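Please have the coordinates open while reading.

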Amino acid sequence: MASFEVIGGKPLKGEIVPQGAKNEALQILCAVLLTAEPVTISNIPDIRDVNKLIELLRDMGVKVGKLANDTYRFQADAVNLDYLDSEQFVAQGRALRGSVMILGPMLARFGKCQLPKPGGDKIGRRPMDTHFLGLEKLGGKLTLEGTDFYRIKAENGLRGTYMLLDEASVTGTANIVMAAVLAEGTTTIYNAACEPYLQQLCKMLVRMGAKINGIGSNLLTIEGVESLGGTEHRMLPDMIEIGSFIGLAAMTGSEITIKDCQVAELGLIPDTFRKLGIQLEIRGDDIFIPAQDHYEIATYLDGSILTVSDHTWPGLTPDLLSIVLVVAIQAKGTVLIHQKMFESRLFFVDKLIDMGAQITLCDPHRAIVIGLDKRNALRGISMTSPDIRAGVALLIAALSADGRSVIDNVEQIDRGYQFIDKRLNALGAQIRRL
């Protein structure tokens, strides 16, 4: 198990380029299974979860060629369906949450798929009902073996239908869309997710020959086609990294420019940080954060305490609430953080309290942060990263703290952030991998 040794209290300075979006990559890579023709994808992040998915596709028989550090060509013209019965496939599927998104493409193109219950962060209940209910409405028949192995078949092919999703699940919508583009007839998906990454998937599928209307809304209409062709696709920058770097700059009093942010796709993220008092300037597609000695949390017009909560798009992504919570520690004022979607994602605040933060955990979903206004620095401690997003929040806290911190289990951070120690060290951070 690897660890980071962090010497905090040092302001950073410079430019940083966000990686390609992890949450987009997990969808886009699975979409290559929908065609036998070559698909070239660029701006792919070099992170553990994405690399594991590429390895899974290669082992399934997809030809994978690396054209550049962030660019690959995929061709799924000889997929080995027998590999799905192997113990290696079962182990790979269990280890990677993103493996669930092979279900839709495989069912659409080959009429069957199977998968063990995928792994991923332990951040609370993450049911897959939306995936399976949607695929069943299209004509898939699901069977469960034991408690955690799923088989789904469409012996008579998939047929378009109307469906109202029980939740606007991003990965669930992606799976259903990838199945529906090759289904016979018209599929209407109401309460569809409309995050930028889902929009990117739909636009890519359209370039491959799919017929999708309503992209960017929660009502998608899909006319099935017989086959899809190849295409080229470039992924968006990772909005979670961008938000993390904004928070890092504020907490450490640093002057940082985040390059090539595709600002139009960030939704409420910049304004959420502005509500915490953080100054930022939009310069084309770059975001400049000046060094700030203080930042003050806004209140509502009646003077009541600000609440920051997560929501489906265009609301704030839940992946950034850990960062918002940490940034509020050194703000002036008080904020209520409300994590609606996952009941275990705030279970790292005890480590922040040990560092000197003033936080009250009200229940598994809510925490009140009373800002220190940078009157007292956090102190370095030893801690463990419980998941990807909490791990980076703890890293930001450690970089702002006085003294030495050690963060264990940084493999969790590596799953979502590309060479984060080297990239931050280039800005003046002092992080050593143990």
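Which residue's side chain meets that of R375 in a salt bridge? The partner is D373, at 3.9 Å from N to O. A salt bridge here is a side-chain nitrogen of Lys or Arg within 4 Å of a carboxyl oxygen of Asp or Glu, and the count by this rule is 19.

The model is predicted: local features need pLDDT of at least 70, side-chain atom pairs count only at pLDDT 80 or more, and totals for chains, interfaces and linings use all residues. Residues are numbered from 1 along each chain as its sequence is written, and side-chain values use heavy atoms, with hydrogens and water left out.

**R375 and D373**
- R375 is exposed at 60% relative accessibility, whereas D373 is buried at 12% (buried: under 20% relative accessible area; exposed: over 50%; partly exposed: in between; 1.4 Å probe, protein chains only).

**R432, E5 and R404**
- Salt bridges with shared partners join E5, R404 and R432 into one network.
- R432 and E5 pair through their side chains at 3.1 Å, N to O.
- This pair links distant parts of the chain, 427 residues apart: R432 is in strand β23 (residues 431-433) and E5 in strand β1 (residues 3-7).
- Strands (E, at least two residues) and helices (H or I, at least four) are DSSP runs, numbered from the N terminus.
- R432 is partly exposed at 48% relative accessibility, while E5 is buried at 14%.

**R274 and D271**
- The closest N and O atoms of the salt bridge between R274 and D271 are 2.9 Å apart.
- Both residues, R274 and D271, belong to helix α9 (residues 269-275) and sit three residues apart, about one turn of the helix.
- R274 is partly exposed at 36%, and D271 is partly exposed at 39%.
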